[in-house]
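Colleague: I would like to learn how to read a few features of this model. Where do we begin?

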Amino acid sequence: MSEKQPRIRVRGLTKIFGDEAGTAFERLRSGESRAEVQNATGAVIGLDNVNFDVDAGEILVVMGLSGSGKSTCLRCINRLIEPTDGSVHIDDIDVIGLGERELLELRRTRFGMVFQQFALFPHRSILRNVEYGLEIQGMPPDARREKALAAIETVGLKGWDQHFPSQLSGGMQQRAGLARALALDPDVLLMDEAFSALDPLIRRDMQQELVALQKRLKKTIVFVSHDLDEAIALGGRIVLMKDGGVVQEGTAADFLANPADEYVRRFVEHIDVLGVVTAGDAMRPPSAVRPWQSTAEEALAILTQSGEPVVTVVCEQGRFQGTVDADTLKGAGTTALRLLLSDRSAYVPFTATLNEAVARLASGRGEIAVTGPDGTLAGVIANADLVAALARRRPTTAH
Ligand SMILES: Nc1ncnc2c1ncn2[C@@H]1O[C@H](COP(=O)(O)OP(=O)(O)OP(=O)(O)O)[C@@H](O)[C@H]1O
Ligand SMILES: [Mg+2]
């Protein structure tokens with residue numbers, strides 16, 4: 001966990017629905033199981049002792065099957081649902097402790113919400129829909145128009161401001177819904193299955209655009225989804241829920257490498273391994289590295305000894321420069337390696353997925369470098385390493 005304070009802190013969050021919520025809560029805390037409490041009291045335990053942090057500027061995906069408590073959890077963050085127990089902080093603000101007026105103010109200034117159903121007003125133009133929140137804040141017409149148009153442009157709907165919702169496709173309507181949230185410039189976006197009603201291809205586009213938008217606008221996003229592919233596409237940490245509790249928290253690759261239990265293992269069973277395991281996960285230390293002023297003769301000797309398909313060449317600062325294969329080295333005598341580089345693009349950053357590594361490997365000479373943030377050589381991946389990484393990560397079937 002990072003040292004800096006998270007933007008949102010959720011601790012012990014519990015929500016029990018029903019008239020017997022109080023009794024149910026006591027029974028739950030005295031150690032009775034969820035099923036026992038629900039049977040005895042008729043109450044529904046929506047959330048039970050949920051804990052997680054959301055860092056400023058991250059997209060956290062709350063994932064789980066239908067009924068696992070995702071929406072309840074999201075709505076407890078800004079108290080659209082009043083939790084039965086536990087705490088929620090946004091920065092230093094104790095959300096649960098706020099009075100009605102302060103709570104409304106907080107929702108207005110800090111939180112934007114986007115739902116699966118776009119909930120646009122049908123008889124208002126896109127502009128007037130996006131302006132809506134600013135209008136009820138009492139912002140003068142010119143100022144709110146300017147803000148709304150900027151938000152409309154941000155979501156790629158420039159030129160559509162005078163149209164009505166029914167004249168827009170589902171994807172465009174959801175963009176308008178997003179613009180409406182962004183117009184208020186909240187620093188936290190709460191998104192509940194926001195793309196679930198969209199066609200798969202449009203949905204994919206929206207996911208990519210949200211990631212790009214988030215990089216630019218640096219919003220903190222809590223995104224509820226029941227779809228693992230969507231969680232992976234959004235690229236961040238995942239809080240996986242089951243029966244109102246958190247089963248595991250981490251990246252999809254973490255779930256794959258170290259599933260907390262059988263449920264998580266089965267959840268990631270059909271995951272696209274190439275899309276979640278990174279080059280950094282699959283790399284190994286290189287055994288044939290030479291500085292670029294080194295000669296072809298020296299490099300060939302090392303290459304032969306190492307059994308690697310290529311020599312990896314670095315500069316004085318250890319930054320990757322390119323690779324040289326054996327055919328190029330043979331007969332090149334004392335020529336410096338920097339004059340012989342056969343492939344300068346045979347690398348991927350260590351954050352790249354294996355999909356990207358495969359593409360590079362396919363067009364190269366059997367081995368690529370993996371680089372750190374400043375281009376320094378971190379490791380290498382040869383064809384055989386890729387196969388080994390896939391074999392290690394492939395979910396095994398239990399029983
Ligand atoms: N207002 C309510 N009254 C009673 N029970 C509720 C209420 N809202 C939610 N629940 C129950 O709480 C549990 C969690 O519901 P929630 O809506 O958070 O699930 P979800 O993970 O968002 O599911 P979905 O993917 O279907 O949207 C479910 O058992 C649900 O029936
Ligand atoms: Mg839901």
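Modeller: Begin with helices. A helix here is a DSSP run of H or I, at least four residues long, numbered from the N terminus. Keep in mind that this model is predicted.

Colleague: Which helix holds L300?

Modeller: L300 sits in α14, which spans residues 296–306.

Colleague: Which residues does L300 touch, leaving out those up to four places away in sequence?

Modeller: Contact means heavy atoms within 4.5 Å. On that basis L300 touches A326, L329 and K330. Take A326: it lies 26 residues from L300 along the chain, yet the two C-alpha atoms are 6.6 Å apart.

Colleague: Now R124. Is it buried or exposed?

Modeller: Buried means under 20% relative accessible area. R124 has 14% relative accessibility, so it counts as buried. R124 belongs to the loop between β6 (111–115) and α5 (126–136).

Colleague: What does the side chain of R124 reach?

Modeller: The backbone oxygen of R128, at 2.8 Å. Beyond four places in sequence, R124 also touches N129, Y132, E135, F164 and P165.

Colleague: How do α5 and α6 pack, and at what angle?

Modeller: Angles of 65 to 115 degrees count as roughly perpendicular, and those over 145 as roughly antiparallel. α5 and α6 (residues 141–154) pack at about 120°, with axes 9 Å apart. The pair is therefore oblique. Their crossing is right-handed.

Colleague: Which classes of residue make up the contact of α5 with α6?

Modeller: Nine nonpolar, five charged and no polar residues. From α5 they include L127, V130 and E131; from α6, R144, A148 and I152 are among them.

How values were computed. Residues numbered from 1 in each chain as written. Chains lettered and ligands numbered in written order. Predicted model: local features only at pLDDT ≥ 70, side-chain atom pairs only at ≥ 80, totals over all residues. Heavy atoms only, no water. Helix = DSSP H or I, 4+ residues; strand = E, 2+ residues; numbered from the N terminus. Buried < 20%, exposed > 50% of the residue type's maximum accessible area, 1.4 Å probe, protein only. Polar contact = N/O pair within 3.5 Å; in protein donor to acceptor, adjacent residues only side chain to side chain. Axes fitted to C-alpha atoms, helices over the stretch in contact; angles between N-to-C directions. Parallel < 35°, antiparallel > 145°, perpendicular 65-115°, else oblique. Left-handed = near helix turned anticlockwise from the far one by under 90°. Nonpolar A, V, L, I, M, F, W, Y, C, P; charged D, E, K, R; others polar.
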